[in-house]
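Reader: Hi! Could you walk me through the strands in this one?
Author: Happy to, let's have a look together.

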Amino acid sequence: MTHDDLAHRIHAAAHLTGEFTLRSGRTATEYFDKYRFEADPRLLDEIAGRLVPLVPPGTEVLAGLELGGIPVVTALGRHTGLPCAFVRKRAKPYGTRRLAEGAEVAGRRVLVVEDVVTSGGQVLLSTADLRGLGAEVTEALCVIDRQLGGAAALAAEGVTLRALLTATDLSATDLTATDLTATDLSATDLTATDLSATDLTAGG
(Lines give C-alpha, C1' and ligand atoms only; values in the text may rest on other atoms or scores of the structure.)
Protein backbone atom coordinates (compact mmCIF):
# COMPACT_ATOMS: atom_id res chain seq x y z
CA MET A 1 0.00 0.00 0.00
CA THR A 2 1.37 3.39 -0.99
CA HIS A 3 1.34 6.55 1.12
CA ASP A 4 -1.48 7.91 -1.04
CA ASP A 5 -3.44 4.67 -0.68
CA LEU A 6 -3.25 4.96 3.10
CA ALA A 7 -4.42 8.56 3.00
CA HIS A 8 -7.31 7.48 0.80
CA ARG A 9 -8.30 4.67 3.19
CA ILE A 10 -8.27 7.00 6.18
CA HIS A 11 -10.31 9.57 4.27
CA ALA A 12 -12.80 6.92 3.15
CA ALA A 13 -13.21 5.65 6.71
CA ALA A 14 -13.53 9.01 8.44
CA HIS A 15 -15.08 11.38 5.90
CA LEU A 16 -18.80 11.75 6.57
CA THR A 17 -21.48 13.63 4.67
CA GLY A 18 -24.75 14.93 6.08
CA GLU A 19 -25.65 17.87 8.28
CA PHE A 20 -23.34 18.57 11.21
CA THR A 21 -23.23 21.36 13.79
CA LEU A 22 -19.63 22.40 14.34
CA ARG A 23 -17.99 23.68 17.52
CA SER A 24 -18.24 27.18 16.07
CA GLY A 25 -22.01 26.79 15.78
CA ARG A 26 -21.86 26.71 12.01
CA THR A 27 -23.47 23.93 9.98
CA ALA A 28 -21.41 21.78 7.62
CA THR A 29 -22.29 19.07 5.12
CA GLU A 30 -18.90 17.33 5.48
CA TYR A 31 -17.20 16.06 8.61
CA PHE A 32 -13.98 14.19 9.46
CA ASP A 33 -14.54 11.76 12.34
CA LYS A 34 -11.09 10.60 13.44
CA TYR A 35 -12.51 7.87 15.66
CA ARG A 36 -13.71 6.03 12.56
CA PHE A 37 -10.17 5.16 11.44
CA GLU A 38 -9.06 4.44 15.00
CA ALA A 39 -11.95 1.99 15.45
CA ASP A 40 -11.02 -0.04 12.34
CA PRO A 41 -8.52 -2.63 13.65
CA ARG A 42 -6.99 -3.48 10.27
CA LEU A 43 -6.60 0.15 9.26
CA LEU A 44 -5.22 1.07 12.68
CA ASP A 45 -2.71 -1.77 12.44
CA GLU A 46 -1.60 -0.52 9.01
CA ILE A 47 -1.22 2.99 10.40
CA ALA A 48 0.83 1.72 13.35
CA GLY A 49 3.13 -0.20 11.03
CA ARG A 50 3.73 2.97 9.00
CA LEU A 51 4.48 4.95 12.16
CA VAL A 52 7.28 2.60 13.26
CA PRO A 53 10.02 4.21 11.09
CA LEU A 54 9.08 7.60 12.56
CA VAL A 55 9.84 6.52 16.13
CA PRO A 56 13.13 8.23 17.08
CA PRO A 57 16.09 5.97 17.93
CA GLY A 58 16.61 5.70 21.66
CA THR A 59 12.93 6.05 22.55
CA GLU A 60 12.23 4.16 25.77
CA VAL A 61 8.52 4.78 26.36
CA LEU A 62 5.58 5.61 24.09
CA ALA A 63 3.14 7.99 25.79
CA GLY A 64 -0.36 8.10 24.29
CA LEU A 65 -2.60 11.04 25.12
CA GLU A 66 -6.20 10.71 26.28
CA LEU A 67 -8.39 9.93 24.34
CA GLY A 68 -7.42 9.56 20.68
CA GLY A 69 -3.77 8.79 21.31
CA ILE A 70 -4.56 5.69 23.37
CA PRO A 71 -5.58 3.29 20.56
CA VAL A 72 -2.74 4.60 18.38
CA VAL A 73 -0.06 4.14 21.04
CA THR A 74 -1.35 0.67 21.94
CA ALA A 75 -1.13 -0.47 18.32
CA LEU A 76 2.29 1.16 17.93
CA GLY A 77 3.55 -0.53 21.07
CA ARG A 78 2.63 -3.91 19.61
CA HIS A 79 4.69 -3.16 16.49
CA THR A 80 7.72 -1.72 18.29
CA GLY A 81 7.75 -3.76 21.49
CA LEU A 82 8.17 -0.53 23.47
CA PRO A 83 6.30 -0.07 26.76
CA CYS A 84 3.39 2.38 26.78
CA ALA A 85 2.16 5.04 29.15
CA PHE A 86 -1.37 6.39 28.96
CA VAL A 87 -1.47 10.09 29.80
CA ARG A 88 -4.59 11.54 31.37
CA LYS A 89 -5.65 15.17 30.99
CA ARG A 90 -5.89 15.24 34.76
CA ALA A 91 -5.04 12.70 37.42
CA LYS A 92 -7.83 10.73 39.08
CA PRO A 93 -8.68 11.92 42.60
CA TYR A 94 -8.74 8.31 43.83
CA GLY A 95 -6.82 5.03 43.47
CA THR A 96 -3.22 5.53 42.38
CA ARG A 97 -3.96 9.17 41.42
CA ARG A 98 -1.49 8.88 38.58
CA LEU A 99 -1.41 11.26 35.64
CA ALA A 100 0.53 8.78 33.48
CA GLU A 101 -0.73 5.21 33.79
CA GLY A 102 1.21 2.15 32.68
CA ALA A 103 4.96 2.34 32.08
CA GLU A 104 7.14 4.51 34.31
CA VAL A 105 8.34 7.69 32.59
CA ALA A 106 10.74 9.24 35.11
CA GLY A 107 14.29 9.40 33.80
CA ARG A 108 13.34 7.88 30.43
CA ARG A 109 13.19 9.16 26.86
CA VAL A 110 9.48 9.46 26.13
CA LEU A 111 7.80 9.93 22.76
CA VAL A 112 4.41 11.63 22.96
CA VAL A 113 1.88 9.95 20.64
CA GLU A 114 -1.30 11.69 19.44
CA ASP A 115 -3.81 10.94 16.72
CA VAL A 116 -4.44 14.42 15.29
CA VAL A 117 -2.52 17.62 16.01
CA THR A 118 -4.13 21.01 15.40
CA SER A 119 -2.73 23.86 17.50
CA GLY A 120 -0.52 21.52 19.52
CA GLY A 121 -2.16 22.69 22.75
CA GLN A 122 -2.86 19.30 24.32
CA VAL A 123 0.53 17.94 23.31
CA LEU A 124 2.18 20.95 24.97
CA LEU A 125 0.16 20.51 28.17
CA SER A 126 0.91 16.80 28.37
CA THR A 127 4.58 17.36 27.54
CA ALA A 128 4.83 19.78 30.46
CA ASP A 129 3.13 17.22 32.71
CA LEU A 130 5.47 14.44 31.60
CA ARG A 131 8.53 16.63 32.07
CA GLY A 132 7.23 17.45 35.52
CA LEU A 133 7.25 13.72 36.24
CA GLY A 134 10.90 13.51 35.21
CA ALA A 135 10.49 12.34 31.61
CA GLU A 136 12.76 13.52 28.81
CA VAL A 137 10.45 14.68 26.01
CA THR A 138 11.87 16.24 22.85
CA GLU A 139 9.66 14.73 20.13
CA ALA A 140 6.02 13.97 19.41
CA LEU A 141 4.43 11.69 16.83
CA CYS A 142 0.98 11.95 15.28
CA VAL A 143 -1.06 10.28 12.56
CA ILE A 144 -2.33 13.56 11.06
CA ASP A 145 -0.91 17.07 11.30
CA ARG A 146 -3.65 19.54 10.39
CA GLN A 147 -0.96 22.10 9.48
CA LEU A 148 -2.60 24.77 11.62
CA GLY A 149 0.40 25.88 13.65
CA GLY A 150 0.89 22.87 15.88
CA ALA A 151 4.37 21.98 14.65
CA ALA A 152 5.62 25.55 15.15
CA ALA A 153 4.08 25.82 18.62
CA LEU A 154 5.73 22.58 19.66
CA ALA A 155 9.09 23.56 18.18
CA ALA A 156 9.02 26.73 20.28
CA GLU A 157 8.93 24.50 23.38
CA GLY A 158 11.70 22.19 22.20
CA VAL A 159 9.48 19.45 20.77
CA THR A 160 9.84 18.22 17.18
CA LEU A 161 6.61 16.98 15.61
CA ARG A 162 6.74 13.95 13.33
CA ALA A 163 3.58 13.24 11.31
CA LEU A 164 2.57 10.30 9.16
CA LEU A 165 0.09 12.37 7.13
CA THR A 166 -0.91 16.00 6.76
CA ALA A 167 -4.13 17.81 5.97
CA THR A 168 -2.74 18.34 2.47
CA ASP A 169 -2.41 14.57 2.00
CA LEU A 170 -6.04 14.05 2.99
CA SER A 171 -7.23 16.98 0.90
CA ALA A 172 -5.67 15.41 -2.18
CA THR A 173 -7.74 12.26 -1.72
CA ASP A 174 -10.95 14.32 -1.83
CA LEU A 175 -10.23 16.08 -5.12
CA THR A 176 -11.82 13.33 -7.20
CA ALA A 177 -15.03 13.64 -5.19
CA THR A 178 -15.24 17.43 -5.29
CA ASP A 179 -14.18 20.31 -7.48
CA LEU A 180 -12.24 21.94 -4.65
CA THR A 181 -8.54 22.66 -4.97
CA ALA A 182 -6.23 21.76 -2.10
CA THR A 183 -6.18 25.44 -1.08
CA ASP A 184 -9.98 25.66 -1.12
CA LEU A 185 -10.33 22.49 0.93
CA SER A 186 -7.90 23.67 3.59
CA ALA A 187 -10.08 26.74 4.06
CA THR A 188 -13.23 24.75 4.82
CA ASP A 189 -14.43 23.37 8.12
CA LEU A 190 -13.44 19.88 6.96
CA THR A 191 -9.73 20.41 7.48
CA ALA A 192 -9.13 23.84 8.91
CA THR A 193 -11.80 23.89 11.60
CA ASP A 194 -13.15 20.42 12.13
CA LEU A 195 -10.87 17.69 10.81
CA SER A 196 -11.72 15.65 13.90
CA ALA A 197 -15.08 14.98 15.46
CA THR A 198 -13.84 16.30 18.79
CA ASP A 199 -13.26 19.70 20.27
CA LEU A 200 -10.10 21.26 18.80
CA THR A 201 -8.31 21.10 22.16
CA ALA A 202 -9.03 17.40 22.42
CA GLY A 203 -7.02 16.62 19.35
CA GLY A 204 -4.10 18.85 20.28
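Reader: Which residue is the bridge partner of Arg-109 in S7?
Author: In S7, Arg-109 has Glu-136 as its bridge partner. Strand S6 (residues 109-117) and strand S7 (residues 136-145) run parallel and are joined by seven bridges. Strands here are DSSP runs of E with at least two residues, helices are runs of H or I with at least four, and both are numbered from the N terminus. This is a predicted model, where local features need pLDDT of at least 70, side-chain atom pairs count only at pLDDT 80 or more, and totals for chains, interfaces and linings use all residues. Residues are numbered from 1 along each chain as its sequence is written, and side-chain values use heavy atoms, leaving out hydrogens and water.

Reader: Nice. What is the strand order in the open sheet?
Author: The order is S5-S4-S3-S6-S7-S8, six strands with mixed pairing; two strands pair if DSSP finds at least two bridges between them. Strand S5 (100-102) and strand S8 (160-166) are the edges, each pairing on one side only.

Reader: Which strands does helix H5 touch?
Author: Helix H5 (residues 121-132) packs on the sheet and touches S3, S4, S5, S6 and S7, with contact meaning heavy atoms within 4.5 Å.

Reader: Switching topic: how many residues lie between S1 and S2 in their hairpin?
Author: Five, and Gly-25 in the turn has a positive phi of about 95°. S1 (residues 15-21) and S2 (residues 27-32) run antiparallel, joined by five bridges.

Reader: And in S2, what is the bridge partner of His-15?
Author: That's Phe-32.

How values were computed: Axes fitted to C-alpha atoms, helices over the stretch in contact; angles between N-to-C directions.
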